[in-house]
Amino acid sequence: MTNSTDQFIHDQNVKNYSARLLTTDGGAQRATLLTLLAEELTNARLKGWRLAPGLLEAGRPDALD
């Protein structure tokens with residue numbers, strides 16, 4: 001895959017995980033989503049990607065813990 005394809009998939013994953021966190025109240029599923037989101041953000045940081053503007057706004061990252 002090309003770098004732009006990888007970044008697109010990353011952005012979609014972050015959007016999906018963030019949206020699902022807003023509607024999930026189960027402990028195990030929430031923990032899994034938080035882990036997946038953290039992995040996506042860590043990988044993006046390592047690759048030097050910046051988050052698209054507003055990508056986490058709906059999920060309010062400060063409310064994810």
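Visitor: What share of the contacts between residues at least 6 apart in sequence join residues at least 24 apart?

Guide: In this predicted model, the share is 60%.

Visitor: Which secondary structure does the protein chain have?

Guide: There are two helices and zero strands. α1 covers 3–23 and α2 covers 27–47.

Visitor: Why are α1 and α2 called roughly antiparallel?

Guide: The two helices pack at an angle of about 150°. Angles over 145 degrees count as roughly antiparallel, so α1 and α2 get that name. Their axes are 10 Å apart, and α1 passes α2 in a left-handed crossing.

Visitor: Which residues in α1 meet α2?

Guide: His10, Asn13, Val14, Tyr17, Ser18, Arg20 and Leu21 do. Their partners in α2 include Leu33, Leu37 and Leu41.

Visitor: Where is Thr24 found?

Guide: Thr24 sits in the loop between α1 and α2. Leaving aside residues up to four places away in sequence, Thr24 touches Gln29, Arg30 and Leu33.

Visitor: Why is Thr24 called buried?

Guide: Its relative accessible area is 13%. Buried means under 20%, so Thr24 is buried. Across the 65 residues of the protein chain, 25% count as buried.

Visitor: What makes the pair of Thr24 and Arg20 a polar contact?

Guide: A polar atom of the Thr24 side chain lies 2.6 Å from the backbone oxygen of Arg20. The cut-off for such a pair is within 3.5 Å, and 2.6 Å meets that limit.

Note on methods:
Residues are numbered from 1 along each chain as its sequence is written. This is a predicted model: local features need pLDDT of at least 70, side-chain atom pairs count only at pLDDT 80 or more; totals for chains, interfaces and linings use all residues. Side-chain values use heavy atoms; hydrogens and water are left out. Helices (H or I, at least four residues) and strands (E, at least two) are DSSP runs, numbered from the N terminus. Buried means under 20% relative accessible area, exposed over 50%, partly exposed in between (1.4 Å probe, protein chains only). A polar contact is a pair of N or O atoms within 3.5 Å; within protein, one must be able to donate a hydrogen and the other to accept it, and residues adjacent in sequence count only if both atoms are side-chain atoms. Contact means heavy atoms within 4.5 Å. Axes are lines fitted to C-alpha atoms, for helices over the stretch in contact, and angles run from 0 to 180 degrees between N-to-C directions. Angles under 35 degrees count as roughly parallel, over 145 as roughly antiparallel, 65 to 115 as roughly perpendicular and the rest as oblique. A crossing is left-handed if the near helix is turned anticlockwise from the far one by less than a right angle, and right-handed if clockwise.
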